[in-house]
Amino acid sequence: MNKKKRRILVTSALPYANGAIHLGHMLEYIQTDIWARFQRALGHECYFAWADDAHGTPIMLRAQAENITPEELIERMNAEHQRDFRDFGLSFDNYATTHGEANRQCVEMIYERLEEGGHIERRNVTQFYDEKKGMFLPDRFIKGTCPKCKTPDQYGDSCESCGSTYSPTDLIEPRSAVSGTKPVMRDSEHYFVRLSEFENRLQNWMGSGVLQPEVVNKMQEWFEEGLRDWDISRDEPYFGFKIPGTKNKYFYVWVDAPIGYMASFKELSDRIGLDFDEWWDPDTKTELYNFVGKDIIYFHTLFWPAMLMGSGFRIPTAVFAHGFLTVDGAKMSKSRGTFIQARTYLDQLNPDYLRYYFCARLGPGLGDIDLSLDDFVFRVNSDMVGKVVNIASRCAGFIQRGSNGRLAATLPEPDLYKKFLDQRDLIADDFEQRNYQSAIRRIMALADEGNRYIDEHKPWTLNKQEDQQERVQAICTQGINLFRVLMTYLAPVVPFTADTAAQFLGVPLDKWSALDRPLLNVSINAFLPLMTRVDPLKIEAMIENSKENLQSTEEPAPPALKLADEIEIGDFLKVDLRIAKIIDAKAVPEADKLIQLTLDIGGEIRHVFAGIKSAYEPADLVGRFTVMVANLKPRKMRFGVSEGMVLAAGPGGKDLFILSPDDGAVPGMRVT
């Protein structure tokens, strides 16, 4: 094994501070934690530091909705996030918030150095402005129809349907996702980093092996027409750090988010006495690794290293990207109960189950990882319980009862122990390269050999013979030592199980070098339950608890009118009923009842969510006519903004009726 001690800082992408942690987040954080624990197990100096991403418009708006300050919101979420991380066994050394003073200092220092180096430019930009809310709109708070594929209700920067990226001004019929109103264009001075000045250095860095090949190929698209300047400012109102020397300009959230890695490490350095400047010196021998999702690689391979280059700091040794998490072959879904929050999982299941399963599925590439719940149960029960734990449980009782809990002084088959150790460098290389699934295959192959050894020597049979007690002790000592090797290899993966195994064995399992000497002629403790089988009923309970009641987000059925609800003719005349032609219809995957309709009401296009999925297939609706309430105030729903209401008749279920194609129907015709 490599004896040279390394000095390593690892980070994970920052979770946003306006929502709970879910299993999609945990895929990355578990991947990072396994790697950090593995590095420490080899004896390296390795720190894991990160933070909550606590700035931006969504934080500001959610705090307003809850009638609290943004500071109160992010403090609450930070505590909840850290609780979930600890309960999942994440061994982070520092967890900060990007709203902390350390981050403010780092952000302002980097900005000042960029400005001194001539890398900042100011110029006017024209962007969408919500007059009702009195604010410029970030790209993700503008919605409209995709200019490429014409899919409605898409964000202002990219289309979730066809994957195209574009400017918000390219959207067809843009609207504010905050107020639902049509935004106007206004000018404002913005601050830009000239990324083109770093183009050659970035290309050289990317080509030096610091990124996965598929990431390098993807990032080349950004260089084809030359790197565009990066807008780093936002106008008030905005929750974030104000740009020094300005009255109403704030740093864009993606400026201070990655700098949060540096600031979190600064807090750690101040607390435990590390030399912060040495770790971030461009000529340092320390190592920096960023673990991120494949959806944010351009921030971490363009903007982040460019800021570091321009301000005189070291750049990442490597950026490791991973794919997304699916559950049972599909995107996580609230209606199916597969959008699982970390706390919902922890309320039912052992965190080591998920840590092991993710490890067994993770490779070094960008492929998505599927959490197949049936495979999850089978793999954990078969591998961890049926193979690894099984070796200890089969041997421990004989040692306790027949040898007073004491292991033999020698191994009966030292070559078998050596065979287990001979896999150490290969397993270490797998972990180093983040090829976790290969490491698990090697470890489980060894577990199979350990179980075969016990099966072949049958200590339960020999134990019936009084003159074979020493032989039984020797066989079980061999088995216990093989178990110790396996659990040492697996300790970065299943830390809670490893801690219990360490109590049973009476020795720590956190250093791979300790395996050089087998555990002999010492007493072990009474066997402790290490890991029980996954209970399928717990899986069902987790799914059930994850299901979201969609009734509150769908259009409620109006109650039947009573005589007390009579209205005046003037009230009725306020309702503007129009004939509408359905020009597009698609199901809303997250809702059981809703179909999203695109309606032509005579020269104007409206998007409406209608609860008629039980009666119609979306494709069957295109070309038909219906009646809609055209002057209903737009309503913001979880799936988008509904710009009216479609009328249907019938008792419900499959018996809902709208107008059929009619040559006499004219879109926009008033119904009187």
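Two strands are said to pair if DSSP finds at least two bridges between them, and helices (H or I, at least four residues) and strands (E, at least two) are DSSP runs, numbered from the N terminus. By that rule, strand β4 (residues 120-130) and β5 pair in the antiparallel sense over 2 bridges. This is a predicted model, in which local features need pLDDT of at least 70 and side-chain atom pairs count only at pLDDT 80 or more, while totals for chains, interfaces and linings use all residues. Residues are numbered from 1 along each chain as its sequence is written, and side-chain values use heavy atoms, with hydrogens and water left out.

**Overall picture**

- The protein contains 21 helices and 26 strands, and its C-alpha trace spans about 105 × 70 × 45 Å along the principal axes.
- Of the 672 residues in the protein, 54% are buried, where buried means under 20% relative accessible area, exposed over 50%, and partly exposed in between (1.4 Å probe, protein chains only).
- The protein exposes about 29900 Å², of which carbon and sulfur atoms supply 49%; accessible areas come from the Shrake-Rupley method with a 1.4 Å probe, and for residues only the protein chains shown count as cover.
- Among contacts (heavy atoms within 4.5 Å) between residues at least 6 apart in sequence, 74% join residues at least 24 apart.

**Strand pairing**

- Elsewhere, strand β18 (residues 577-587) pairs in the antiparallel sense with strand β21 (residues 625-629) over 5 bridges, and Lys 581 stands opposite Phe 625 in β21.
- β18 is also joined by 6 bridges to strand β19 (residues 595-600), and the two run antiparallel; in β19, Leu 597 is the bridge partner of Ala 585.

**The cavity**

- The structure holds 1 cavity of 30 Å³ or more, a cavity being a set of points, on a 1 Å grid over the protein atoms alone, where a 1.4 Å probe fits but cannot get out.
- The largest cavity has a volume of about 40 Å³, with grid points joined across faces, edges and corners and the volume taken as the space filled by probe spheres set on the points.
- Its lining (residues with an atom within 4 Å of a point) includes Val 107, Tyr 111, Phe 251 and Met 307.
- α4 (101-116) and α7 (253-272) each supply at least two residues of this lining, and the largest share, 4 residues, comes from α4.
- The lining of the largest cavity divides into 10 nonpolar residues, no polar and no charged, where Ala, Val, Leu, Ile, Met, Phe, Trp, Tyr, Cys and Pro count as nonpolar, Asp, Glu, Lys and Arg as charged, and the others, Gly among them, as polar.

- Leu 505, found in helix α18 (residues 495-505), is buried with a relative accessible area of 1%.
- Not counting residues up to four places away in sequence, Leu 505 touches Ile 480, Phe 483, Arg 484, Leu 519, Ser 523 and Ile 524.
- Asp 53 lies in the loop between β2 (45-52) and α2 (57-66) and is buried, with a relative accessible area of 9%.
- Leaving aside neighbours within four places in sequence, the contacts of Asp 53 include Leu 14, Tyr 16, Thr 98 and Val 253.

Key:
On a 1 Å grid over the protein atoms alone, a cavity is a set of points where a 1.4 Å probe fits but cannot get out, and a pocket is an open set with protein on both sides within 12 Å along at least five of seven lines; lining residues have an atom within 4 Å of a point.
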